[in-house]
Amino acid sequence: MKSKPNPVRLDAWDYRILAEIQSDGRISKSELAKRVHLSASACSERLRALEVAGIIEGFYARLSPALIGGMVFVMVEVVLERHRLEDQRHFETAIGEFPEILDCWAIGGRIDYLMRVASPSMAAYQDFMEGLLQAGLGIDQYYSLVVTKPVKSNSPISLSALGFVDIREVRDSGRDRNLIQG
């Protein structure tokens, strides 16, 4: 059984670094240090520690589906035939092998999983789903929800909306700089 990682204690400086790199993943380390008001070496050490701790999972380019060619995105609700732990593990391991599946979330409620699938066309999507059904993953039912237009996607995690204090607020108010939540 997979254990939960130990929580890492973050301070307001770390949250400010995380907010900055979410908005600009290509920012130079020196510019990042300027924006968060730390020395370049202190900022670099904190950034490295956030990566080592697994808080920063990676840096990615966000592509424009409209500009790289016609893409169809489908949200797929999946219900498994059985709900045994080994069936869930089998499904979760197997779907990692399909690059068409961009995201997959285990869901509580009337469905078991919600997947985001990218395909060059609806015909290709249907072929993909038929192959997925024949792959022996234990899928009982699936429901396709075609994305007609993106309204909001790939948004960064809003640290301030989660109640984390912005380092500028801490500095300006004179409060303890290690304060995490307001």
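Let me start with two helices: α1 and α3 pack at an angle of about 80°, their axes 10 Å apart. Axes here are lines fitted to C-alpha atoms, for helices over the stretch in contact, and angles run from 0 to 180 degrees between N-to-C directions. The two helices are therefore roughly perpendicular to each other. On this scale 65 to 115 degrees is roughly perpendicular, under 35 roughly parallel, over 145 roughly antiparallel, and the rest oblique.

This is a predicted model, in which local features need pLDDT of at least 70 and side-chain atom pairs count only at pLDDT 80 or more, while totals for chains, interfaces and linings use all residues. Residues are numbered from 1 along each chain as its sequence is written, and side-chain values use heavy atoms, with hydrogens and water left out.

Back to that pair. Trp13, Asp14, Ile17, Leu18 and Ile21 of α1 make the contact with Cys43, Arg46, Leu47 and Leu50 of α3, contact meaning heavy atoms within 4.5 Å. By class that is 7 nonpolar, no polar and 2 charged residues.

Next, α1 (residues 12-23) and α2 (residues 29-36). Their axes come within 10 Å and cross at roughly 125°, which means α1 is oblique to α2. From α1, Trp13, Arg16, Ile17, Glu20 and Ile21 meet Leu32, Arg35 and Val36 of α2. Those residues divide into 5 nonpolar, no polar and 3 charged.

Lys29, Leu32, Ala33 and Val36 of α2 meet Ala40, Cys43, Ser44 and Leu47 of α3. This contact has 6 nonpolar residues, 1 polar and 1 charged.

A pocket is an open set of points on a 1 Å grid where a 1.4 Å probe fits, with protein on both sides within 12 Å along at least five of seven lines; lining residues have an atom within 4 Å of a point. Of the 41 lining residues, Tyr60, Arg62, Asn154, Ser155 and Pro156 are the closest to its centre.

Which element gives the largest share of the lining? That is α1, with 5 residues. At least two residues each come from α1, α4 (65-68), β1 (72-80) and β3 (113-119). The lining of the largest pocket comprises 25 nonpolar, 10 polar and 6 charged residues.

Definitions and conventions. Helix = DSSP H or I, 4+ residues; strand = E, 2+ residues; numbered from the N terminus. Nonpolar A, V, L, I, M, F, W, Y, C, P; charged D, E, K, R; others polar.
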